[in-house]
Each structure stands twice: as structure tokens, then as C-alpha cells.
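Trainee: I would like to go through this model with some questions about its sheets and charged pairs.

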Amino acid sequence: TDLVTAYVNDTCTQFDQDAVDATLKRSGSGFEVVGGQTGLVLDTAASITKITDFVENEWDHTNGSMELPVETDYPKGTAEELGKVKDVLGTFTTSYNTSGAARCKNIATGTAHINGTVLYPGDTFSTYETVSPFSEANGYAMAGSYLNGKVVDSLGGGICQVSTTLYNAVLRAELEVVERSNHSMIVTYVDPADDAAIAGTYKDFKFTNNLDAPIYIEGVTSGKQVTFTIYGQETRPSNRTLKFESVTLSTTDPGVQIVADAGQPIGYIVRESAHKGVVAELYKHVYVNGQEESVTKLNKSTYKATPRTITVGIAGDPDLSNELQAAL
């Protein structure tokens with residue numbers, strides 16, 4: 001039975017044809033429905049039983065074949081269901097006008113990987129799974145990112161601005177946030193506690209479509225700005241409005257750290273910028289007819305302080321080197 005199970009799961013299922021869900025594509029100012037495709041997948045449990053029964057009770061040890069049972073895999077989505085996607089549920093824009101070409105490329109690439117996503121009711125979206133792998137083949141370049149309290153170059157540096165912008169659009173659409181992490185150090189393109197970092201598989205931004213209709217995620221980069229807009233079926237009353245407030249609880253001065261580097265010559269000086277430490281909370285305010293109805297704390301975020309680091313080379317004349325080291 002174990003051999004049959006392994007054979008069915010490892011070999012027979014490779015012929016599965018999964019259904020392709022119906023989806024949407026932008027058409028002018030609206031949407032066009034793209035129909036899905038029905039699939040066929042192996043009924044593994046019934047196949048294991050059928051093969052096992054044949055081997056144990058019928059097989060005469062000669063070559064043979066049998067037809068295994070399959071199930072129809074039906075696609076999600078009908079024209080009627082997808083036709084509900086007409087309204088802007090939430091939108092948000094951030095600027096990256098000080099970014100270099102490599103970081104701009106990474107933001108555009110990550111945004112393009114997300115753009116056009118359709119989520120059906122109950123579906124969960126993983127930003128990391130959607131924008132990865134971080135490779136040149138997948139459209140990414142080397143740019144600055146945070147690692148262990150330092151700014152280092154990595155493939156995909158800047159991708160967290162994509163996830164952060166999407167996070168804010170999701171909050172305004174009032175979808176269910178499943179997983180969100182703040183950066184290790186403060187970022188400048190949104191207020192404290194308003195960010196959503198992704199890193200490896202241990203920091204991801206995930207959310208679920210907790211609505212009764214599908215949603216469509218549009219991501220656009222233009223003029224060094226990235227915008228995410230979430231479309232769906234608006235059911236919230238028009239007199240209900242939202243406001244999101246970042247509240248800083250405390251700040252920590254980063255200070256200055258001078259480091260002697262015996263591997264660099266005297267006269268070598270490299271400066272790295274500081275990051276202040278911040279503890280902040282993000283609040284969601286709901287108003288009805290201009291009157292505050294509720295306040296909800298969405299997260300508490302702690303960003304560590306990183307001192308302004310000045311690295312000084314001390315290799316060279318022994319006397320001068322000793323004097324420098326003593327002074328440092």
C-alpha cells in the first residue's frame with residue numbers, strides 16, 4: 001500500500017490539469033471578465049484503493065493498464081460575480097522621488113507582479129509569495145535594504161515600499177489583515193506604525209478578502225510614485241468615513257559611534273546615517289456623519305535606534321596609528 005500511495009502521489013498526479021479561475025482585466029475605466037477553464041485532477045484516494053485491490057486480487061503478473069478515476073476541478077468565478085467589481089474600496093500612494101534607478105526598478109517590478117490580482121471571498125494574499133523570487137531573472141536589481149541594523153545592498157531592495165503602500169490600501173478597503181510586521185528601523189515614506197515589511201519568509205504581509213464579492217488589486221508606478229487601488233463592491237454607507245492616525249509614544253536619540261578599522265589606511269573615513277528609535281501605534285478612527293463612532297488600535301511598532309557610524313582607517317605609520325586608536 002505504501003508503494004502504491006507513493007506511486008500515485010508522485011507519478012500519477014503529474015498529469016493533473018488544475019482549473020483556471022475566471023479573472024478580470026482592465027478595459028478603459030472598467031473591467032472585462034476573462035472566463036476560466038475547467039480542469040481534471042486525479043482522485044488519489046480512489047486510485048490507491050483501485051490499484052491496491054487489482055494488485056492483491058486480480059493481477060496475473062503480466063503487463064497491463066487501467067483507467068484511474070478523476071474528478072472535475074471547477075474554476076471559481078462567474079460573469080455575474082465578477083461583474084460586482086466596480087467600486088474603489090481603498091487607495092493609497094507613496095513617493096520614492098529620492099530613489100536611485102535600481103530601487104525604482106525594484107518598486108516597479110514588485111508592483112507589476114501584484115497588479116491585476118483577483119481575490120475571491122475567503123482567499124488570502126501573500127505579498128512575499130507574489131513578488132518573489134528576488135532575482136535578476138524576475139526583474140530585480142541590487143539596492144539598499146535593512147539587515148541587522150545596517151543598510152546593505154540586496155536584490156529587491158525597496159520592495160517593502162510596495163508592501164507598505166499595499167498595506168495602507170488594504171486598511172482603507174477594510175480587508176482582514178492576517179500578518180504584518182514593521183521594519184527593524186524607521187522608514188521615511190510613511191508615518192511610524194504605517195509600514196509593512198517583508199523579509200525572507202519570516203516577515204510577510206498577508207490579508208484575506210473577507211467581503212462577499214471578489215476584489216481586484218491595481219498597482220501603478222508613475223512619476224516616482226506607487227499607487228495601489230483595491231476595487232470591489234462597495235457596501236459601506238456613504239456617510240461613514242475613516243481616518244488613520246500614527247501616534248508616537250517615545251523616541252530614542254541614536255547618538256554617534258566611531259569605529260577604528262585596522263584594515264583600512266589612515267585617512268579612510270566612511271559615514272553611515274543614523275536612525276532614531278521610535279515606539280508608535282496606529283489607530284483607526286471611524287466617523288458617521290462626521291461624528292466619531294469608534295477608535296481601534298491596529299498595531300504597536302518598535303523601531304530600534306541605530307547610531308550614526310563613522311568608520312576610520314588606522315593602518316599605516318605605527319606611531320600615528322597608535323595615536324589615532326587612543327584618540328578614538
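Trainee: How many of the eight residues of β19 are buried?

Mentor: This is a predicted model, in which local features need pLDDT of at least 70, side-chain atom pairs count only at pLDDT 80 or more, and totals for chains, interfaces and linings use all residues. Residues are numbered from 1 along each chain as its sequence is written, and side-chain values use heavy atoms, with hydrogens and water left out. Buried means under 20% relative accessible area, exposed over 50%, and partly exposed in between, with a 1.4 Å probe and protein chains only. Strand β19 is mostly covered, and its buried residues number six.

Trainee: In which sense do β15 and β19 pair, and over how many bridges?

Mentor: Glutamine 257 stands opposite threonine 309 in β19, and the bridge partner of valine 259 is threonine 311. Strand β19 covers residues 308-315. The sense is parallel, and the bridges number seven.

Trainee: How many bridges join β16 to β19?

Mentor: Arginine 271 stands opposite isoleucine 310 in β19. Strands β16 and β19 run antiparallel, and the number of bridges is four.

Trainee: Is isoleucine 258 buried or partly exposed?

Mentor: Isoleucine 258 lies in strand β15. Together with Val256 and Leu328, Ile258 makes a nonpolar surface patch of about 270 Å². Patches are made of residues with over 30% relative accessible area and no salt bridge, like charges being joined within 9 Å and nonpolar side chains (Val, Leu, Ile, Met, Phe, Trp, Tyr) within 5 Å. Because its relative accessibility is 46%, isoleucine 258 counts as partly exposed.

Trainee: Over how many bridges do β17 and β18 pair?

Mentor: Strand β17 covers residues 277-288 and pairs with β18 in the antiparallel sense. Leucine 282 stands opposite asparagine 299 in β18. The number of bridges is 11.

Trainee: Which residue forms a salt bridge with lysine 297?

Mentor: A salt bridge is a side-chain nitrogen of Lys or Arg within 4 Å of a carboxyl oxygen of Asp or Glu. Lysine 297 is in strand β18 and its partner in strand β17, so the pair ties together parts that are 16 residues apart in sequence. With the closest N and O atoms 3.3 Å apart, the partner is glutamate 281.

Trainee: How many residues apart in sequence are the parts that glutamate 218 and arginine 26 tie together?

Mentor: Their side chains meet in a salt bridge at 3.0 Å, N to O. Glutamate 218 is buried, with a relative accessible area of 15%, and arginine 26 is partly exposed, with 28%. Because glutamate 218 lies in strand β12 (residues 215-222) and arginine 26 in strand β1 (residues 23-27), the separation is 192 residues.

Trainee: How many salt bridges does the structure hold?

Mentor: One of them joins the side chains of glutamate 179 and lysine 206 at 3.9 Å, N to O. Elsewhere, Glu174, Glu234, Arg236, Arg240 and Lys284 are linked in a network of salt bridges. The structure holds nine.

Trainee: Which residue's backbone oxygen does the side chain of asparagine 138 reach?

Mentor: Asparagine 138 lies in the loop between α5 (127-131) and β8 (142-147). At 19% relative accessibility, asparagine 138 counts as buried. The distance is 2.8 Å, and the residue reached is proline 133.

Note on methods
Pairing = 2+ DSSP bridges. Helix = DSSP H or I, 4+ residues; strand = E, 2+ residues; numbered from the N terminus. Areas by Shrake-Rupley, 256 points an atom, 1.4 Å probe, with all protein chains shown as cover. Polar contact = N/O pair within 3.5 Å; in protein donor to acceptor, adjacent residues only side chain to side chain.
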